Amino acid sequence: MSLRRGIPSLTALQAFEAAARHQSFSKAADELHQTHGAISKKVNELEASLGVELFRRVNQRLVLTEAGAEYAHRIRINLEQIRQDTRQLVSNHERTTLRVAVGVTFGSQWLVPRLSRFHEHHPGLQVRLMGRDQATYFNDLNFDIAIHFDRAPLPGLASKVLLADDEVCLVASPALAARCAGGDIAAMPWIHTRDLPAAWSAWSESAAQGRDEHGRRDIGDHYFDFFVMAIRAAVSGLGVALLPRVLVEQELATGQLVRIGDYAVVNAQKAYLMFPEQKREWAPLAAFAAWMEEEMARYRSAALPSA
C-alpha cells in the first residue's frame with residue numbers, strides 16, 4: 001500500500017484502529033464485517049508503508065508497540081471527528097433552512113420568544129433570522145420570506161397582511177408612571193422614535209396639549225433610531241414613550257412598563273409577510289406563513305393590558 005500525499009487509506013486506518021482497540025484481528029474483523037485475513041493484510045500493508053512496527057505478535061497475541069499505541073490514540077480521535085463531520089453533513093442536508101428577513105426589534109421582542117412553538121411542529125426546518133430595519137435592505141432578495149412594517153407592501157414581492165390594527169399606546173416605567181399620575185405628561189421627558197415621527201404630535205392634538213419642541217429642550221427628550229433602544233430607554237425610566245403594543249407586549253406583561261391613561265391609536269404601519277412570487281408554493285415557506293398567521297391571531301386575541 002502506497003501513501004497518497006502522505007496519508008494512508010481510510011480502510012487501512014479503520015482496520016488498524018479496530019485491531020488496536022480489541023487487540024485482536026478476529027474481533028476487528030467481526031466489527032468491520034470483514035475477514036480475519038483482510039484485516040491482517042491491511043495492517044501489515046500499513047506497517048510496511050509507514051516503515052513503523054505497530055504490533056508485536058507475542059504468543060499468538062497482538063501487543064501494541066509504544067509507537068502503535070500513540071498512533072492508535074491519534075487515529076481514533078481523527079476517525080471520530082470524521083464520523084461527527086459526516087453526521088453533521090447528512091443532518092444539514094436533510095434539514096431545510098428558511099431565511100427570514102425581519103426587523104431587529106420585532107424579531108427579538110416578538111418573534112424569537114415564539115420560535116420554540118414553530119420548532120415543535122417543524123423540527124426539520126431551521127429558521128435563520130436576518131436583521132433588516134430599512135426597506136432598502138430587502139432589495140437583494142437574499143431571503144425566503146420577510147416580515148416588514150410599513151404603510152404599504154414593498155413592490156415586487158407577494159405579500160399577506162399579518163397585522164393591520166395594532167395600537168400605539170403611551171407607556172413608561174412604573175416609577176415614572178406614578179409621577180405622571182399626578183402631573184402633566186407634557187412636562188415629562190419624551191422618547192421619540194425614527195419610525196413614528198408624528199406620534200407625539202398626534203398625542204398632543206388628541207390631548208389638546210400643544211408643545212413647543214424648540215422651547216422645551218431643557219426637558220431632556222430622547223431620540224432613537226431603533227425601537228429596541230426606545231424600549232430599553234422607557235424601561236430604564238428615561239421618559240414617556242409612544243410605542244406599538246406588539247413591540248412591548250412582554251414588558252407590559254411583566255410590569256417593566258405600564259400604560260399611562262387610555263390613549264391609544266391604530267398604528268398606521270401594518271405588518272406584512274412578504275416573499276418572492278416564485279417561492280409562493282414552497283412547502284417550508286407555506287408552513288412558516290401559516291404558523292405566523294396563527295401566532296398573530298393569538299396575539300390579537302389577547303386583551304390589551306389595562307392602564
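**Exercise 1. Which strand gives the largest share of the lining of the second largest pocket?**

Solution. Keep in mind as you work that this is a predicted model.

- Step 1: Begin with the space itself, as the second largest pocket holds about 250 Å³.
- Step 2: Find the centre of this pocket; among the 15 lining residues, Arg151, Leu196, Ala199, Asn267 and Ala268 are the closest to it.
- Step 3: S11 gives the largest share, with 3 residues.
- Step 4: To finish, sort the lining by class: 11 nonpolar, 2 polar and 2 charged residues.

**Exercise 2. Describe the lining of the largest pocket.**

Solution. Let's go from the volume to the residues.

- Step 1: The largest pocket contains about 380 Å³ of space.
- Step 2: Its lining has 22 residues, and those nearest the centre are Asp133, Phe149, Asp195, Phe227 and Gln269.
- Step 3: Helix H5 (104-111) and strand S5 (145-150) each contribute at least two residues to this lining.
- Step 4: S5 gives the most, with 4 residues.

**Exercise 3. Work out how helices H1 and H2 are placed against each other.**

Solution. A pair of packed helices is described by the angle between the axes and the distance between them.

- Step 1: Locate H1 at residues 10-22 and H2 at residues 25-32; their axes come within 8 Å and cross at roughly 125°.
- Step 2: H1 and H2 are therefore oblique to each other.
- Step 3: The crossing of H1 past H2 is right-handed.
- Step 4: On the H1 side, Gln14, Ala15, Ala18, Ala19, Arg21 and His22 take part, meeting Phe25, Lys27, Ala28, Glu31 and Leu32 of H2.
- Step 5: This contact is made up of 6 nonpolar, 2 polar and 3 charged residues.

**Exercise 4. At what angle do H1 and H3 pack, and which residues make the contact?**

Solution. We stay with H1 and turn to another partner.

- Step 1: H3 covers residues 36-50, and it packs with H1 at an angle of about 110°, the axes being 9 Å apart.
- Step 2: H1 and H3 are therefore roughly perpendicular to each other.
- Step 3: H1 brings Thr11, Ala12, Leu13, Ala15 and Phe16 to the contact, while H3 brings Ile39, Lys42, Val43 and Leu46.
- Step 4: Sorted by class, the contact of H1 with H3 has 7 nonpolar, 1 polar and 1 charged residues.

Note on methods. Residues are numbered from 1 along each chain as its sequence is written. This is a predicted model: local features need pLDDT of at least 70, side-chain atom pairs count only at pLDDT 80 or more; totals for chains, interfaces and linings use all residues. Side-chain values use heavy atoms; hydrogens and water are left out. Axes are lines fitted to C-alpha atoms, for helices over the stretch in contact, and angles run from 0 to 180 degrees between N-to-C directions. Angles under 35 degrees count as roughly parallel, over 145 as roughly antiparallel, 65 to 115 as roughly perpendicular and the rest as oblique. A crossing is left-handed if the near helix is turned anticlockwise from the far one by less than a right angle, and right-handed if clockwise. Contact means heavy atoms within 4.5 Å. Ala, Val, Leu, Ile, Met, Phe, Trp, Tyr, Cys and Pro count as nonpolar, Asp, Glu, Lys and Arg as charged, and the others, Gly among them, as polar. On a 1 Å grid over the protein atoms alone, a cavity is a set of points where a 1.4 Å probe fits but cannot get out, and a pocket is an open set with protein on both sides within 12 Å along at least five of seven lines; lining residues have an atom within 4 Å of a point. Grid points are joined across faces, edges and corners, and a volume is the space filled by probe spheres set on the points.
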